[in-house]
Structures are given as C-alpha cells and as structure tokens.
Amino acid sequence: MAEKIFALVGANGAIGSALVEQAIAQGGYTECVRFSHRPLALPSLPIKSIDLMLDYTVKTTIEKQWESAYQAWLQQSTNTSPMKSVAQLWIATGFLHNKPFQPERRHEQMSAEALHFSYQMNAVAPMLFLSQWLRHWPRRSPLKIGVLSARVGSISDNRLGGWHAYRASKAALNMLIKNLAIELQRSHPLVTLVGFQPGTTQSALSSPFTSRVLADQLQTPEFTATCLLEVMAERSPADSGLLFDFLGQPFEP
C-alpha cells in the first residue's frame, strides 16, 4: 500500500486529537504527523506516528520551530521526501480564554495584551506555519488543508457583539485564508485550503460557556471530527478560500 500521511497541528486539543483518531479509524493512513506544544504527552497510535514540537507562545519564531520540526521529521521518516505523502493537513488550534485573558463583554475590558495574544494564537502563528509548510510543498501535488475557524469571526454574521479579541482574530484568520487561497490558485493549483466552523464541541475552550447550551446541541469531539472529515472529503480546489460549518454549509466571512 502506498504511504499516506495525515498531518495535524494542535494534537493535544479535543478536536485535534479526535480528528487524528477518526482519520485513522476510517482507514487508509499509514502514518500520522502530529505537531503539538506537548508532544511527549500525546497518546500512542495504532499506526506509525511522528510527534513534533510546535508552540505558538514561545519566543522562538514559528519559522525556526518549523525548520527544527521538519529536520526532525526527515530524521524519523524512512521516506526521503515524506511531505509528498501527506494527503490532509489540519490546523486544529484556537485560543479563546486563559487565566489572564477572558472574552470581553464590554469595550472597557479590551486590552492591547489580549488583542495581541489572540491575533498571535488565532491568526499570525497558524498562517506563518502554513507559509513555511508551503515553501516545501511541491507545486503540482494535491493536498487538502483544513483550518479551524469560527462563525463568530464572520463580520457579516455578527449580531451579538462582544468577545472583541476572539472575533477580530478569527476574522483576520478568515481573511488570511482567503488571501492565501487566491495565491495558491497560481502557485499550487491542486491544493485545497478551507476554513471550518466546528460547532459547539465539548472541550476546554468551550467548557466555561456551555452551561446554557442544550444537551442535544453540545457535540462530542468524535462527532465533530467525523463531520469535519466528511465535509473535507467533498472539498476540491474550487472551494479554496471558502468557509464551511461542520455540516458542510458555507457561511460568509
């Protein structure tokens, strides 16, 4: 069987880990490459895994981290050009809150620190990672790239306001996805790059905000991952730059 690799950034997260599990369960993959800020904490897999360090919060630039990870990947792989075997790449990272920064309900709660951190985590770092990846990617090789975004980052769909840093950083991510997709039409025409709204999923990110969510509207990570993979299976380069929810419905930025 030809080598087929599933690659994912954010493998420690609820949706990221579920995407890996469901992709393997569906079969066809011989190897998984997982990027994580805690690679040693990742669970073992039934297929070969290569687990690489990537931390959006450290002072080392994403570019230097990527190069170190890529060299480690080459050393651990039996394939001299392992990237060519990657069928799907997912960016399953996202930041909404931590102890210092909580979603803002009023403009008085905004701070430069929170805005900068949200942009770094949700827009800057993921796109710089993709930029480094694509420098190594063959121009005529197909690849599907899924990036977890959020419907609350849609400017046209914003009816409630609030959550300024999160909304703005996801809106920036959506613009960067569109910009990169336009460029890829010329440089890498067989690459499919789309953004996804995963829905309200049980995770550390969503847990403080799900008390009013009805039980039948709160998704398990496994359900979300299965839906996302099904939607991705239907995507093609013609969809690049677009945004879809976990049921495959497009939505406007």
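Student: Why is Glu31 called buried?
Tutor: Glu31 has a relative accessible area of 2%. Buried means under 20%, exposed means over 50%, and partly exposed is in between, using a 1.4 Å probe with protein chains only as cover. So at 2%, Glu31 counts as buried. Keep in mind that this is a predicted model, where local features need pLDDT of at least 70, side-chain atom pairs count only at pLDDT 80 or more, and totals for chains, interfaces and linings use all residues. Residues are numbered from 1 along each chain as its sequence is written, and side-chain values use heavy atoms, leaving out hydrogens and water.

Student: What makes Glu31 and Lys48 a salt bridge?
Tutor: Their closest N and O atoms are 3.9 Å apart. The term asks for a side-chain nitrogen of Lys or Arg within 4 Å of a carboxyl oxygen of Asp or Glu, so this pair passes at 3.9 Å. Glu31 sits in strand E2 and Lys48 in strand E3, 17 residues apart, and the pair links distant parts of the chain. Lys48 itself counts as partly exposed, at 33% relative accessibility.

Student: How many salt bridges does a search of the whole structure find?
Tutor: Five. One of them joins Asp245 and Arg151, at 3.1 Å from N to O. Asp245 lies in strand E7 and Arg151 in the loop between E5 and H4, so the pair ties together parts 94 residues apart in sequence.

Student: Is Asp245 buried or exposed?
Tutor: Asp245 is buried, because its relative accessible area is 8%. Arg151 has 28%, so it is partly exposed.

Student: And what are the labels for Glu108 and Arg106?
Tutor: Glu108 is exposed, at 54%, and Arg106 is partly exposed, at 46%. These two also form a salt bridge, with the closest N and O atoms 3.7 Å apart.

Student: On to the sheet. What makes E5 and E6 a pair?
Tutor: Two strands pair if DSSP finds at least two bridges between them. Strand E5 (residues 143-148) and strand E6 (residues 191-197) have six bridges, in the parallel sense. Leu148 stands opposite Phe196 in E6. As for what a strand is here, strands (E, at least two residues) and helices (H or I, at least four) are DSSP runs numbered from the N terminus.

Student: How many bridges does E4 have to E1 and to E5?
Tutor: E1 and E4 pair in the parallel sense over five bridges, with Ala7 opposite Leu89 in E4. Four bridges join E4 to E5, also running parallel, and there Trp90 stands opposite Gly146. E4 is mostly covered too, with five of its six residues buried.

Student: Why are E3 and E7 called edge strands?
Tutor: The open sheet has seven strands in the order E3-E2-E1-E4-E5-E6-E7, with parallel pairing. Strand E3 (48-53) and strand E7 (243-245) each pair on one side only. The twist averages 20° from one strand to the next.

Student: What does Asn174 touch?
Tutor: Not counting residues up to four places away in sequence, Asn174 touches Ser149, Ala150, Gly153, Ser154 and Leu243. Contact means heavy atoms within 4.5 Å. Asn174 lies in helix H4 (residues 164-187), and it counts as buried at 4% relative accessibility.

Student: Which label does Leu176 get?
Tutor: Leu176, also in helix H4, is partly exposed, because its relative accessible area is 32%. Leu176 touches Ala123 and Met127, again leaving out residues up to four places away in sequence.

Note on methods:
Axes are lines fitted to C-alpha atoms, for helices over the stretch in contact, and angles run from 0 to 180 degrees between N-to-C directions.
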